[in-house]
Amino acid sequence: MPEFAYHAIDPDGRERRGRISAANDDLAREALVSKKLYIVSVAPAEVRASVFANLPLKRQPRLNAKQLTLFTRQLSSLAQVSPLEEALRTISRQSEQPHVRQILTGVHAGVVEGQRLSDAMRRESNSFPPLYRAMIAAGEGAGTLPLITERLAVLLERQAEMRGKLIGALAYPAILSLVAILVVMGLMVSVVPRVVEQFDNVDQQLPLITRMVMGVSAFLANYYWVLIIIILLGALVFAQALKQPAFRLAVDRNILRIPLLGKLLRNLHAARMARTLATMVASRLPLLEGLRLTGGTIRNKLLSAANDDIVESVRSGGSLSGAMRASGVFPPLLVYLTASGESAGQLDIMLERAAEYLEREFDTFTSTALSLLEPLIIVAMGGVVAVIILAILLPILQLQNLTGL
C-alpha cells in the first residue's frame, strides 16, 4: 500500500511529522482527520530505497532557481489575459529544455484532470518548494492567482538578484586568491629549487630567510602529495563532523561572529525573511505558516534555531517584533520597523521597507569590502613574492661581499 508523508498539528498545537499508509491521498487525509490532527500538508512519501539508491546514477529532473523564476514570470503575465490551463500549455510548449517541458507538462496535466494548481505542483515537489505552493494555494482560495503570481515573480527575481550579487562578491576575491596561491606555488616548486641549488657548494652559512624558503620549497617539491592527502582527509573529517548537530551549530555560530562575513550573512537572511514575509502577509497568508515555511530555507543552524523560537513565540501569542528582539540575531532596524508595522497595521509595508534597506546596505557593504579586499590580496601576494626574491638575493649579495674581500 502506498505511503504518504504528512505534516500536521495536534490538538495541543505541536507539530507532527510522519508517514501513513493509505490507498490514496483522500483516504490518508481522512485517517489523519480521524486522529484529530490539523493537516498542513500530505504528499506521497519517497520510497525507502537501499544504500545504492543514493548513488548519483539518475537524478530526478527539477527546475533550478532561474527556471522557476522564468516560469513564474511567464505564468503571472499569461494568467492575466488567458485561462490557467491555456497559460500552462503555452509555457510548457515554449520551454526549450526537455526536463523543464516534462515538469510543466505534468503540472498542466494535473490541472486538466481537475486538480488545483497547487495540488498539481505537489507532483513536482522538488521543483516547487512548500512556500511557493502555499502562496499559490492562497491565491487560488482568494481568487487572486494573477496577483499572487506577480508577487511571487517579483520575490523570486529579487532573490535571484541578491544571489547573483553574493556570488559576484565572493567569486572575484576567490579567483584572485587562487591565482595568487598558484603563482607562489609555481615559484616555490619550479623556480626556487633551480636557483638555490647553486649555493650547495658554498661553505658559508646561508641567511635564515633563505634556509626557511629552501625548506618550504623542498617540502612542496618532494611531499606535495602529503599536503594534498592531509587537505582531503581534513575536508572529509570536517564534512562528517558537520553532520553532528552540536558541531554544526558551533560552526555556524562562529561563522556569524566573523566581523565581515557574519554581518553579511545576517543581513542577507534578514532581508530574505523580511521580503518573503512581506509578500505572504500582503497575500493574506497566515504569518505563522510563513515563518515556518521560511525556516525550511535557512542553512545556518543558529539562524534556523532562532526562526524556530520565533515560530513558537508567535504561536504562543507573542508579537513578531518581540520574538525577533528576543532572538538577538536580527538587525535592530528590522525589529524596529516590524514593531512599527504591527502597531500601525501595515506589517507588509514595513517589512518591505526593511528588506529594501537591508539590501541597499548589502550592496554598499559588498562594494566597500571588495574595494578593500582586492588591494589586500595584491599586497599579500607581493609580500610573499618579495620574501622569495629576498631569499634568493641575500646569498648572492653575501657571495659578492666575500669575493670583494
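Predicted model: local features only at pLDDT ≥ 70, side-chain atom pairs only at ≥ 80, totals over all residues.
Which residue caps the N-terminal end of α13? Ser-319 does, through a side-chain oxygen that lies 3.1 Å from the backbone nitrogen of Gly-322.

Residues are numbered from 1 along each chain as its sequence is written, and side-chain values use heavy atoms, with hydrogens and water left out.

The secondary structure of the protein chain comes to 15 helices and three strands, where helices (H or I, at least four residues) and strands (E, at least two) are DSSP runs numbered from the N terminus. The C-alpha trace spans about 100 × 50 × 45 Å along its principal axes. The radius of gyration of the protein chain is 29 Å, whereas a compact globule of 405 residues would have a value near 22 Å; the radius is taken over C-alpha atoms, and the globule rule is 2.2 Å times the number of residues to the power 0.38. Of the 405 residues, 34% count as buried, a term that means under 20% relative accessible area, with exposed meaning over 50% and partly exposed in between (1.4 Å probe, protein chains only). Among contacts (heavy atoms within 4.5 Å) between residues at least 6 apart in sequence, 59% join residues at least 24 apart.

Helix α13, which covers residues 320–327, has Leu-320, Ser-321, Ala-323 and Met-324 as its buried residues. These cover an arc of only 160° around the axis, which puts them on the same side of α13; the arc is that of the directions from the helix axis to the C-beta atoms. The face turned away from this buried side carries the exposed residues Arg-325 and Ala-326. Just after α13, Gly-328 takes a positive phi of about 75°.

Leu-334, Val-335, Leu-337, Thr-338 and Gly-341 are buried in α14. The helix is followed by Gly-345, whose phi is positive, near 70°.

A pair of aromatic rings is described by the distance of the centres and the angle of the planes. Rings of Phe, Tyr and Trp (its six-membered ring) pair if their centres lie within 6.5 Å, and planes under 30 degrees apart count as stacked, over 60 as edge-to-face and the rest as tilted. By this rule the count comes to four aromatic pairs. In one of them, the rings of Phe-71 and Phe-128 have their centres 5.8 Å apart and their planes at 65°, so the pair is edge-to-face. Phe-71 lies in helix α2 (residues 65–78) and Phe-128 in the loop between α5 (117–122) and α6 (130–142), so the pair ties together parts that are 57 residues apart in sequence. Phe-71 is buried at a relative accessible area of 3%, and Phe-128 is buried at 0%. Ring pairs link Phe-71, Phe-128 and Tyr-132 into a cluster.

Helix α2 also holds Gln-67, which counts as buried because its relative accessible area is 15%. Not counting residues up to four places away in sequence, Gln-67 touches Arg-62, Gln-97, His-99 and Val-100.

In helix α4 (residues 98–112), His-108 is buried, with a relative accessible area of 13%. Its side chain and that of Glu-85 are joined by a polar contact of 2.8 Å, meaning a pair of N or O atoms within 3.5 Å; within protein, one must be able to donate a hydrogen and the other to accept it, and residues adjacent in sequence count only if both atoms are side-chain atoms.

Thr-276, in helix α10 (residues 259–282), is buried at 2% relative accessibility. A polar atom of the Thr-276 side chain lies 2.8 Å from the backbone oxygen of Arg-272. Leaving aside neighbours within four places in sequence, Thr-276 is in contact with Leu-131, Leu-155, Gln-159 and Thr-294.
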